[in-house]
Amino acid sequence: MKRKIFFLTIISFVFIFSISLLIYAKDAQIEGENLNVRSGPGTDYDIITSVNPPEQYPVLEESGEWAKIDLGDHQGWIHQDYFSITEESESQNDDKKMEEENERSSDSVANSTETHKQLDNSIAGKKIVLDPGHGGRDVGAIGASGGFESDYTLKTAQVLREKLEEHGADVYLTRNNNQYVPLTSRTTHTNLLRADVYLSIHYNSTPELPEVQGIDTYYLSERDQQLAEYVHGGIINETDMHDRGIEQRDLHVLRVNHRPSLLLELGFISNETEEKKIQSRAFLEAMSRGVLIGLEQYFR
Ligand SMILES: [Zn+2]
């Protein structure tokens, strides 16, 4: 009898050991630039370091949308949107099959984001006008590196458009290249379309105070305060940007706008670090997810 228990114990040890080997055989292929690694599974946890593509780390465990990775001398958590899973197969199947499997596993990662409780596709069929600030001869603010606000706002609107369209929104851009568009035609478009929401996209700058960072959201009509709270809250939750709050302000594009409208100042390009950050795919993705979550709350 004792011998039998001894063997059962050995067998369960072997079993548990092989399971942990299987889990360890999953690798996270990093896709986000300067991806934050946190001490726990959530944005409330401290950032302990950052990782970059094409680095790859063993996945130790998963929790919700987060995965714990092994960095060698320490461990930390990363968000599923910024890596894909590479499963190591010992039986050496042909490469094609492995590729298919990887595709499927990254698909399921994307799907689980979509079924996230904050998203319910209430944005489907809604008309959203995205207005990339400035353009053409009006370059807007000039960043610490010499980059133009007008280029950053266009790139931002294009990434945001993709995200909103993925969830069924009808998205219109007031410009889709580096052209000058007068303020009035930006809003006329919105009013004529009877857009459900208009978002003017800008980046801030205070060259005399280069340490200033963070995101501001402006609204004008009382009607749009709730919209401002949702969208701003979404962006702040999903990015690690400093929260400068929402504010009622009499800005031209908001004043002549008869539709629900906001002006987003998505960061300070006069700050060297923030100018770099707002150009990263990781930031643009996180910001877009934040806007999406905010709009879905608003339309619900
Ligand atoms: Zn601007």
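Tutor: The account below begins with the sheet and then turns to its helices. Residues are numbered from 1 along each chain as its sequence is written. The model is predicted, and local features need pLDDT of at least 70, side-chain atom pairs count only at pLDDT 80 or more, and totals for chains, interfaces and linings use all residues.

The chain has eight helices and 13 strands (DSSP runs numbered from the N terminus, helices being H or I of at least four residues and strands E of at least two). Six of the strands form an open sheet of mixed pairing, in the order 9-8-10-13-11-12; two strands pair if DSSP finds at least two bridges between them. Strand 9 (170-173) and strand 12 (243-248) are at the edges with a single partner strand each, so one side of each has no neighbour in the sheet. On average, neighbouring strands are turned by 20 degrees against each other, direction ignored (axes are lines fitted to C-alpha atoms, for helices over the stretch in contact, and angles run from 0 to 180 degrees between N-to-C directions). Strand 8 and strand 10 run parallel and are joined by five bridges, and Val 129 stands opposite Tyr 198 in strand 10.

Helix 4 (residues 183-193) has three buried residues, Arg 186, Thr 187 and Thr 190 (buried means 20 or more other C-beta atoms within 10 Å of a residue's own, exposed 12 or fewer, and partly exposed in between, with C-beta atoms placed from the backbone). Down the helix axis these residues fall within an arc of 80 degrees, so they line one face of helix 4; the arc is that of the directions from the axis to the C-beta atoms. They pack against strand 8 (127-132), strand 10 (197-204) and helix 6 (252-255), where contact requires C-beta atoms, placed from the backbone, within 7 Å. Thr 184, Ser 185 and Leu 192 are exposed on the face of helix 4 turned away from the buried side. Arg 194 follows helix 4 with a positive phi, near 50 degrees.

Helix 5 (residues 225-238) lies across strand 10, strand 11 (215-219), strand 12 and strand 13 (261-268), and runs at about 165 degrees to strand 11. Helix 5 also packs with helix 8 (residues 281-299), at an angle of about 145 degrees and with the axes 7 Å apart. Among the residues that meet there are Leu 227, Tyr 230 and Val 231 of helix 5, and Met 287, Val 291 and Leu 295 of helix 8.

Key
Contact = placed C-beta atoms within 7 Å.
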